[in-house]
Amino acid sequence: MSYLVFSKPNYPVTFSNMDKVGHTVSFLGLAFLAYFAFKPKWYWMCSVLTAYAILIEVIQSQIPYRSASVADVVADVLGIALFYLFLFVFRKYQAAKLLPKRASKV
């Protein structure tokens, strides 16, 4: 992901706010991977990923072919929040026995 955010953009903009959608989806995916790889407490993961989002924008402000935006950080945080919303809904369905829990391996 770092490669993509620091490299020179060479993709067509096919709809307005495509950049914000990309930020949101990227951080949703990053939160998903981080959660299932490390199982961090929610406040640690939110803090680390938000700090990463801010760091990205600070570095991009220093790169001539990139620009920094508070809206990008907001989109990143939205992606993290969406991950936790999806996780919450999934767990509610699982608890309601709508989705069976996986059997544990012995």
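Colleague: Hi! Which residue does Asp72 form a salt bridge with, and how far apart are the closest N and O atoms?

Modeller: Asp72 pairs with Lys20, and their closest N and O atoms are 2.7 Å apart. Keep in mind that this is a predicted model.

Colleague: Is Asp72 buried or exposed?

Modeller: Asp72 is buried, because its relative accessibility is 4% and the cut-off for buried is under 20%.

Colleague: And Lys20, is that buried or partly exposed?

Modeller: Lys20 has a relative accessible area of 25%, so it counts as partly exposed.

Colleague: How many salt bridges are there in total?

Modeller: The count is two. Asp19 is partly exposed, with 34% relative accessibility. Through shared partners, the salt bridges join Asp19, Lys20 and Asp72 into one network.

Colleague: Nice. Let's zoom out: how many helices and strands does the protein have?

Modeller: The protein has four helices and zero strands, and along the sequence the pattern reads α-α-α-α.

Colleague: What share of the residues counts as buried?

Modeller: Of the protein's 106 residues, 24% are buried.

Colleague: And what share of the contacts with a separation of 6 or more comes from residues 24 or more positions apart?

Modeller: Those residues account for 70% of such contacts.

Colleague: Back to H4. How many residues does H4 have, and what distance does it reach from its first C-alpha to its last?

Modeller: H4 has 26 residues and reaches 37 Å between those two atoms, close to the 38 Å expected at 1.5 Å a residue.

Colleague: Which residues of H4 are buried, and what covers them?

Modeller: The buried residues are Asp72, Val73, Ala75, Asp76, Gly79, Ile80, Phe83, Tyr84 and Leu87. What covers them includes H2 and helix H3, which runs over 42-60.

Colleague: Changing topic to pockets: what volume does the second largest pocket have?

Modeller: The second largest pocket comes to about 280 Å³.

Colleague: Which elements give two or more residues to the lining of the second largest pocket?

Modeller: Those are helix H2 (18-38) and helix H4 (70-95). H4 supplies the largest share of the lining, with six residues.

Colleague: Which residues line the second largest pocket?

Modeller: The lining is made up of Leu28, Phe32, Tyr35, Phe36, Lys39, Phe83, Phe86, Leu87, Phe90, Arg91 and Gln94. Among them, Phe83 and Leu87 are also on the list of buried H4 residues.

Colleague: How many of those lining residues are nonpolar, polar and charged?

Modeller: Eight are nonpolar, one is polar and two are charged.

Colleague: Where is Lys39 found?

Modeller: Lys39 is in the loop between H2 and H3.

Colleague: What is the phi of Lys39?

Modeller: Lys39 has a positive phi of about 50°, although it is not a glycine.

Colleague: Last one: is Lys39 buried or exposed?

Modeller: Lys39 is exposed, because its relative accessibility is 51% and exposed means over 50%. Lys39 is one of the residues in the lining of the second largest pocket as well.

Technical notes
Residues numbered from 1 in each chain as written. Predicted model: local features only at pLDDT ≥ 70, side-chain atom pairs only at ≥ 80, totals over all residues. Heavy atoms only, no water. 1 Å grid on protein atoms, 1.4 Å probe; cavity = no way out; pocket = protein on both sides within 12 Å on 5 of 7 lines; lining within 4 Å. Points joined across faces, edges and corners; volume = space filled by probe spheres on them. Nonpolar A, V, L, I, M, F, W, Y, C, P; charged D, E, K, R; others polar. Salt bridge = Lys/Arg side-chain N within 4 Å of Asp/Glu carboxyl O. Buried < 20%, exposed > 50% of the residue type's maximum accessible area, 1.4 Å probe, protein only. Expected span 1.5 Å × (residues − 1). Contact = heavy atoms within 4.5 Å.
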